[in-house]
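Please read them with the structure open.

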Amino acid sequence: MAVEFEVNEREVWDGNYAASQAMRQADVDVMAAYPITPSTPIVENYGAYVANGYVDGEFVMVESEHAAMSACIGASAAGGRVATATSSQGFALMVETLYQASGMRLPIVLNVVNRALASPLNVRGDHADMYLGRDSGWIQFGAFNAQEAYDLALCAFKVAENHAVRLPVMIHQDGFITSHTAQNVYPLSNEDAIKFVGEIVPVDDMLDFSRPVTYGAQTEEDWHFEHKAKQHKALMDSMSIIDDVFAEFKKVSGREYKRVESYDMEDAEVCVIGLGTTVESARVAAKEMRKEGVKAGVVAIRCFRPFPYEEVREALRNCKSIAVTDRSSPGGAMGAFYNEVAAAMMTSQSRPLVTNYIYGLGGRDISIENLKTIFREQKANADAGYITTDIQQFTNLRGPKLGFCKTERN
Amino acid sequence: MAITSIKNLKEFSTNNDRFEGAHTLCPGCAHSMIVRELMNCTDDNLVIASNTGCLEVSTAVYPFTSWDTSWIHIGFENAPSAISGAEAMHKARKKKGTLKDGEAPVKFVAFGGDGSTYDIGFQWLSGAMERGHDFTYICLDNENYANTGGQRSSATPIGAHTSTAQAGTHSYGKKQKKKDIVSIMAAHGAPYVAQLAPNKWKAMAKGFQKALETEGPCFINTVSPCCTEWKFEPKDTIGITDLATDTLMFPMYEIIDGHELNILYRPKNILKVEDYLGAQGRYKHLFKPENKHVIELIQKNIDDDWAMLQRREEARV
């Protein structure tokens, strides 16, 4: 039995430490990992738990992130609880295996500390890696601070291992801003945490030899489509189970999570919709805008996959102009997040104006003043009844203003 | 089932059906002989991982499977990582008491072709060997990327024609020497590595059993003649393998703990390499007068390698 690791009612943890504590409390059976900045401390912390007897599980330090996820897949198919962590280039190296993990319906939990993708090489936080995973068939949660990185990691196991879901889950947190900033975190007690997560009940267990299983078969045009459709359905259907898990988590922690979070949206005419640490900055900016008489609000996406189209539409129902903030190089299109929100609002009755702001690449700061400018532009759009700027603009970029695409609507 | 209890090949080949015959490997492919031998030589539970390759695409096409045991395939390169994860999970669950039958012995085995072993999966294999997981890796070495239609690999011998190292008016086929994977694996400090051939089925079964019974990461390279790409008749697979072992193109030996080499088969009459080359279409261009030097080079390499193996055996290094 593992040595008891004492946790206080209130701890001062950074996002990485919070995530590693959730792995410890969840009594993970196998953690296979390869370190990469800025998620390295998650792996190191876990290594310290192993070295001091705080965990009973196996710790497999492999030779690359591709091997890390491959070992997680082998371990998960062998019927126990599995978790790992990565960032950026490591995430990119894992991509092949991310699709294989979800295709085999394995409940692996992956902590992703978001960081930009090279080139140019950059270790700071943006969301390029997160969007790279958006079609991989994983559930994607967004944590905006250390507390949420802890809470959502515990919820992730419970969602992934639910037999109606059986899909892997990522929890995203912003590199350095969340991962390396120590904050107050209120953890569950060890007993409450493991009681909440529960015991894993394996499905198609490779170590149950009374019922041999084949993992990773080949399917061509006769069956591949049906498998992928079934997988997509499981992902779409997981929304209600995520809601149930969040409701259960509220009972044990008092903290409430929704797949779409709304702040000051009751009467909002304009809003910023975002992900990650920028959400908290946008909430401050919105409050300041309200002092200027602008009815500003903020919407945040807690669950990027499966994407909550209906809940986004509901949250933005009364909004006239919306700024969708993408912290990733869009690569010759509107931002990935913009496209989701625009798709949701295209099918709404109100059909509000939807604009796209590219910001914060490679860890570039976004200030309250930048966000207030965005709100002011939304107000101008709302008053004019059309998009007064380019649809896509780059925020806080050196040099002349950069924007793309004009609206046809007047 | 102990090897000493096996009386004849018929009994050995029919006593266990964990690898079902209804696969889609080419008629005459040696892969299935090797895999059946592995699965026949133990009664323990087996967890098997396969890299992408001929074996994998021919044995698990939904809704069918040839594997009457736990089996997993992820990608081209990562069976060693998959088996690492499964082996670690077995340890963790045994410790925590969450296995259905915690006492039943389990063996972990990974299969790869030479493409995934020598080339694309080399790093994953090296990592798993270094970490010391308790598993056996078996390379089904048919000396080319057969599953994708016969391209060169770093296991393709000098002079062989492949679709990406072709013989032509300006080329005699592959120019580079075959990578010495057995020595590389022995250099990892593996407790048991061997090179075996399916024509010598008793020695092969014995080697497999040794590997399965040895704790730690073991590696076995097996020659798996490929009638489709080597260009010979499917009925001649074992005959070609006999030529491979009797010309010493494919010597059989084991290395224990990286420094104890034992030769496992000494041909009574060592044949000239022409006998082996001449039996296969992939080498037929070598018999043109302008390519005589290539055959001489191949023979010299064989002689040198055989001398080296004998010196190592004698010196116990």
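The points below go from chain A to the interface and then to chain B.

1. Ground rules. This is a predicted model: local features need pLDDT of at least 70, side-chain atom pairs count only at pLDDT 80 or more, and totals for chains, interfaces and linings use all residues. Residues are numbered from 1 along each chain as its sequence is written, while chains are lettered from A and ligands numbered from 1 in the order in which they are written.

2. Overall form of chain A. The C-alpha atoms fill a box of roughly 70 × 55 × 45 Å along the principal axes.

3. Content of chain A. The chain has 12 helices and 17 strands. Helices (H or I, at least four residues) and strands (E, at least two) are DSSP runs, numbered from the N terminus. Of the 410 residues, 56% count as buried. Buried means 20 or more other C-beta atoms within 10 Å of the residue's own; exposed means 12 or fewer, and partly exposed lies in between, with C-beta atoms placed from the backbone. Among contacts between residues at least 6 apart in sequence, 79% join residues at least 24 apart. A contact here needs C-beta atoms, placed from the backbone, within 7 Å.

4. Domains of chain A. The assignment gives domain 1 (11–253) and domain 2 (260–404). Such bounds come from an automatic or database domain assignment. The C-alpha centres of the two domains lie 29 Å apart. Their contact takes 24 residues from domain 1 and 20 residues from domain 2. On the domain 1 side, α5 (128–132), β6 (139–142) and α8 (224–253) of chain A each supply at least two residues. The largest share, five residues, comes from α8(A). By class, the domain 1 side divides into 13 nonpolar, seven polar and four charged residues. Ala, Val, Leu, Ile, Met, Phe, Trp, Tyr, Cys and Pro count as nonpolar, Asp, Glu, Lys and Arg as charged, and the others, Gly among them, as polar.

5. The A–B interface. Here 39 residues of chain A are in contact with 40 residues of chain B. On the chain A side, β2 (30–33), β3 (58–61), α3 (65–77), α4 (88–103) and β9 (214–215) give two or more residues each. The largest share, nine residues, comes from α3(A). By class, the chain A side has 19 nonpolar, 14 polar and six charged residues.

6. Which strands form the open sheet of nine? The order is β9(A)-β2(B)-β1(B)-β3(B)-β4(B)-β8(B)-β7(B)-β9(B)-β10(B), with mixed pairing. Strands pair if DSSP finds at least two bridges between them. The edge strands are β9 of chain A and β10 (260–263) of chain B. Two bridges join β9(A) to β2 (residues 70–73) of chain B, in parallel. There, A:Tyr215 stands opposite B:Ile72. Next along, β1 (residues 45–50) of chain B pairs with β2(B) in the parallel sense over four bridges, and B:Val47 stands opposite B:Ser70.

7. One residue to check. B:Ser171 sits in strand β6 (residues 171–172) of chain B. With 13 C-beta neighbours inside 10 Å, B:Ser171 counts as partly exposed.

Key
Contact = placed C-beta atoms within 7 Å.
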